[in-house]
Amino acid sequence: NNYMVRAANSGARCLKVANSEPRPDLILLDIQMPEMNGYEVLKELKQNPATKNIPVIFVTASETTEDEEKGLKLGAVDFIVKPIRPAILLVRIKTQLLIKQAEEVLRNQNKLLECNIIESEQRFKHVIEAVPSAIYETSLPDLNLFFFCSKMDQDTGINHQQFNKGVLNWYEQIHPEDKNRIKQQILAFSQKNVATFQLEYRMFHVDKENIMWFEDNGTIEYNSVGKAEKIFGALIPINNRKQAEQKLLESFEATIKAVSQALGKRDPYTATHQSNCARIAKAIAEHLKFDTEMINGIYQAAAIHDIGKIYLPSEILNKPSKLSAAEYGLIKTHVQVGCDIIKDVKFPWSIADAISQHHERLDGSGYPNALKENEICIEAKILAVADVVDAMFSDRPYRRGFGIDAALSEIESNCG
């Protein structure tokens, strides 16, 4: 059978042979032997890392169940009672050698897999360290982080391990004004099977004084039945960008204020009217619970919505009597003129649309394009309401104001 056999006449000799090269592929072991019995030899073999995986078959004259159970419990792979039948012994040896070979293949594959996993983890670690964002993984719907890299430690002053170990919840550290909105948006995304999202929110530094802005780019993972289970995301600190945006915003607001003041020098009534409309439009937007950026955009649009009147003759603007059809037609051009003046300015709000549409009406009776219903942007609809309320409430060069009750009645009778 092409087996090379090495004999040992004692337990001690067996251990010496087992620990020498070449090591045996299988050991046939008796229980009763000089110096050490078979159980003691087996214990020694199993305690030694170099020999613990060598299969051992007891070949003994003992027929008791207790001896067999003891041998198998200690780690023997088989128990054969003498007298032996050579053919059966050889089959059982071959079986155990095949099992041993298979186990060695599996062990080698596992070692290779472990090496590959370690290499992959190292590559992943290098990738994480190379990108400027902080990689995270969180569960849904409880929003508990179970992986968070160390990139945010410096920005937040919080050790990332506090999130990994569940001591802190990242989403609970979000600024109070943003926290509920962000959590609701993420859960809404997951319920609508949205694949990716991008959110911006603030967090307090651990010192509770400095505020940090983050951009959260997430990908939602769904299971086979479409249930959201995890978010894999990347957090990017955007404080510098937000500071630049704030400076640009202040510049836009200063520009709008300058334009409004320029019109005020020529037409004080229009300047006052624009200021009133801005306050009314802002109040409406706040009542509708629009976000801060939307509210500011509506306010800024209302503050210069009649800027086109700067091109109209002051005699018409301040005429103390009713306008003729030709004069009214000229007045109506202020909408398009105003849009043309600011259309090339890259405002962060829909100011050009609000200005060009603030005289449109839901039934299509407005101007300049007779737009209807959903063709009119929400900013223009709010501005139109504010415009009508202040125009009817305030005194004009050719008439006294109608009062707030009349203005509100006009709005109610023409609402969509």
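1. Let's start at a loop. Asn193 sits in the loop that runs between helix 7 and strand 6. Asn193 counts as partly exposed because its relative accessible area is 48%, which falls between the 20% and 50% limits. Bear in mind as you read on that this is a predicted model.

2. You'll find Ala370 in the loop between helix 14 (351-357) and helix 15 (378-393). With a relative accessible area of 39%, Ala370 is partly exposed.

3. Two cis peptide bonds are worth a look while you're checking the backbone. One goes from Glu21 to Pro22, with omega near -5°. Pro22 belongs to the loop between helix 1 (11-18) and strand 1 (27-29). The other goes from Lys82 to Pro83, where omega is near 0°. Pro83 is in the loop joining strand 3 (78-81) to helix 4.

4. Now for the overall picture. The chain has 16 helices and 8 strands. Why call the chain more spread out than a compact globule? Its radius of gyration is 42 Å, while the globule rule gives 22 Å for 416 residues, so the chain is well over that value. The C-alpha trace spans about 130 × 40 × 35 Å along its principal axes.

5. Some whole-chain numbers go with that. Of the 416 residues, 37% are buried. The accessible surface comes to about 24,400 Å², and carbon and sulfur atoms account for 53% of it. Take the contacts between residues at least 6 apart in sequence: 53% of them join residues at least 24 apart. As for charge, the chain has 49 positive and 56 negative charges, and their mean positions are 2 Å apart.

6. Asn110 is partly exposed, at 41% relative accessible area. Glu286 is in helix 9 (residues 268-287), and its C-alpha is 87 Å from that of Leu15, 271 residues away in sequence. Glu286 counts as partly exposed too, with 42% relative accessibility.

7. On to the interior. In soluble globular proteins, nonpolar side chains tend to be buried together. Here the largest nonpolar core has 25 residues, and Trp170, Ile186, Tyr201 and Ile231 are the ones touching the most other members. Strand 4, strand 5 (145-148), helix 7 (176-191), strand 6 (196-204), strand 7 (211-222) and strand 8 (228-237) each supply at least two of its residues. Which element gives the largest share of this core? That is strand 6, with 4 residues.

8. Setting aside neighbours within four places in sequence, Ile186 is in contact with Leu140, Leu143, Tyr171, Phe197, Leu199 and Ile231. There is also a second, separate core, made of 23 residues, with Ile256, Ala281, Ile295 and Ile342 among them.

9. Is Ser139 buried or exposed? Ser139 is buried, because its relative accessible area is 14%, under the 20% limit. Beyond its neighbours within four places in sequence, Ser139 is in contact with Asn144, Phe146, Glu229 and Lys230.

10. Last stop: Val389, in helix 15. Its relative accessible area is 9%, so Val389 is buried. What does Val389 touch, not counting residues up to four places away in sequence? The list is Ile280, Ile404, Ala407 and Ile411. For Ile411, the C-alpha atom is 7.6 Å from that of Val389, and the two residues are 22 apart in sequence.

Note on methods. Residues are numbered from 1 along each chain as its sequence is written. This is a predicted model: local features need pLDDT of at least 70, side-chain atom pairs count only at pLDDT 80 or more; totals for chains, interfaces and linings use all residues. Side-chain values use heavy atoms; hydrogens and water are left out. Buried means under 20% relative accessible area, exposed over 50%, partly exposed in between (1.4 Å probe, protein chains only). Contact means heavy atoms within 4.5 Å. A nonpolar core is a set of buried Ala, Val, Leu, Ile, Met, Phe, Trp, Tyr and Cys residues joined through side-chain atoms within 4.5 Å. The radius of gyration is taken over C-alpha atoms; the globule rule is 2.2 Å times the number of residues to the power 0.38. Accessible areas come from the Shrake-Rupley method with a 1.4 Å probe; for residues, only the protein chains shown count as cover. Lys and Arg count as positive and Asp and Glu as negative; His and the chain ends are not counted. The place of a charge is taken as NZ of Lys, CZ of Arg, CG of Asp or CD of Glu.
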